[in-house]
Amino acid sequence: SCLIRLRQWLQETHKGKIPKDEHILRFLRARDFNIDKAREILCQSLTWRKQHQVDYILETWSPPQVLQDYYAGGWHHHDKDGRPLYVLRLGQMDTKGLVRALGEEALLRYVLSINEEGLRRCEENTKVFGRPISSWTCLVDLEGLNMRHLWRPGVKALLRIIEVVEANYPETLGRLLILRAPRVFPVLWTLVSPFIDDNTRRKFLIYAGNDYQGPGGLLDYIDKEIIPDFLSGECMCEVPEGGLVPKSLYRTAEELENEDLRLWTETIYQSASVFKGSPHEILIQIVDASSVITWDFDVCKGDIVFNIYHSKRSPQPPKKDSLGAHSITSPGGNNVQLIDRVWQLGRDYSMVESPLICREGESVQGSHVTRWPGFYILQWRFHSMPACAATNLPRVDDVLASLQVSSHKCKVMYYTEVIGSEDFRGSMTSLESSHSGFS
């Protein structure tokens, strides 16, 4: 009855192509068959499809080669209910590299093309199996997931994609199987889950480790013959293996900004200069132990050493600034020193992670689960070349290297974020593996 009434209303008022009954039904289901609410989101979606020519995306748009090579996802047979099966090896995918190489728009367009292909496959399977099939199953393998996947602009792009898909492809996801969820998964889930519709969230099944191989696992939903080889199955899966996107394919900050994709600007990242004898330091105050400090930085110039320290008392902040983390800048530039010269390591403050030497051009992501409240200092300092042991004379390589770093200056672009322990839906003990060091 609701379907007939809504379709009749569209025929009388909507200018343009009237969607198929299956399409209208998805929007009705998404609003529990409340016609007024369903009509509102359906009309918004039809306008959006027209504006962005989504009906023609499969015929008019081809994904860039970098997506074909490094996006670790693809269609793979069907599940036991006849639903098309999409496999995504998220843990093997370089999300940061893809965003840096392509920007948000190309990734969003690719996800839209996947959804359009899913609708087409549902129609085909409806004919093959002789019964209505209106949704697909998604299998997400998280083996390899680490803090690199929590790069802030990447998460931002993911949330936007979720928002667009939720608004325009409701009730298309029949089931989501999340396999081999690692201990860092609660962080990602905390960031993403509030943006996922409650009805959609109820379709998620999450397995840690090899639990998917036991009762209630994959075999309940997928025939044994088509379980992918990388999940100990017998079926060769042609989904790309992902891997790191070469930095030579990255777009510059200017290119991204020109396209209005503000993923690499000062609103998210801060830049800092690191001089010989003048490290750059930022202060993070932790009230609750078991909070998570996350960081992401690129070494734009020179080699640096990255350290994390803890102190029970606060160092004196620079003038004209409060104690707030992430926003400390000095009036004369972007180099801030917080650790007092009279402080002694082991007495006034302590090291909580082993020093990490980072070379020019490297991208570093990581996290630290705090054991104690207090003040944490993230420090980037100049990495001095080791002197030659046999002679006091400098080596040629050392001289050349020092000449390349003009006036002993390094540059980093960084972003840090603190995720409070109260924000986690699961136990913080599930993050113990993140405490071991840098990722």
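## Aromatic pairs and a helix crossing

W295, F297, F306, W380 and Y414 form one aromatic cluster. A ring pair here means Phe, Tyr or Trp rings (the six-membered one for Trp) with centres within 6.5 Å; planes under 30 degrees apart are called stacked, over 60 edge-to-face, and the rest tilted. By that rule, there are 14 aromatic pairs.

Before going on, some housekeeping. This is a predicted model, where local features need pLDDT of at least 70 and side-chain atom pairs count only at pLDDT 80 or more, while totals for chains, interfaces and linings use all residues. Residues are numbered from 1 along each chain as its sequence is written, and side-chain values use heavy atoms, with hydrogens and water left out.

Now the overall picture. The protein chain comes to 12 helices and 14 strands, taken as DSSP runs numbered from the N terminus (H or I for helices, at least four residues; E for strands, at least two). Of its 439 residues, 51% are buried; buried means under 20% relative accessible area, exposed over 50%, and partly exposed in between, with a 1.4 Å probe and protein chains only. Contact means heavy atoms within 4.5 Å. Among contacts with a separation of 6 or more, 82% come from residues 24 or more positions apart.

| Pair | Centre distance | Plane angle | Class |
|---|---|---|---|
| W61 and Y110 | 6.3 Å | 55° | tilted |
| F185 and W189 | 6.0 Å | 25° | stacked |

W61 sits in the loop between α4 (57-60) and α5 (65-70) and Y110 in helix α7, so this pair ties together parts 49 residues apart in sequence. Both W61 and Y110 are buried. F185 and W189, on the other hand, both lie in helix α9 (residues 185-192), four residues apart, or about one turn of the helix. F185 and W189 are both buried too.

Some rings also have a charge over them, which takes NZ of Lys or CZ of Arg within 6 Å of the ring centre and within 35 degrees of the ring normal. R89 puts its charged end over the ring of F230, 3.8 Å from the centre. R39 lies over the face of W9, at 4.8 Å from the ring centre.

What about the helix packing? Two packed helices are described by the angle between their axes and the distance between the axes. The axes of α7 (residues 104-129) and α8 (residues 152-168) come within 10 Å and cross at roughly 35°. Those axes are lines fitted to C-alpha atoms over the stretch in contact, with angles from 0 to 180 degrees between N-to-C directions. The α7/α8 crossing is right-handed, that is, the near helix is turned clockwise from the far one by less than a right angle. On the α7 side the contact uses E104, E105, L107, L108, V111, L112 and N115, and on the α8 side K156, A157, R160, I161, V164 and V165. These contact residues divide into eight nonpolar, one polar and four charged (nonpolar: Ala, Val, Leu, Ile, Met, Phe, Trp, Tyr, Cys and Pro; charged: Asp, Glu, Lys and Arg; polar: the others, Gly among them).

Finally, a couple of loop residues. R31, in the loop between α2 (21-30) and α3 (35-51), counts as partly exposed at 32% relative accessibility. Leaving aside neighbours within four places in sequence, R31 is in contact with K37, A38 and I41. S278, in the loop between β6 (270-275) and β7 (280-286), counts as buried at 19% relative accessibility.
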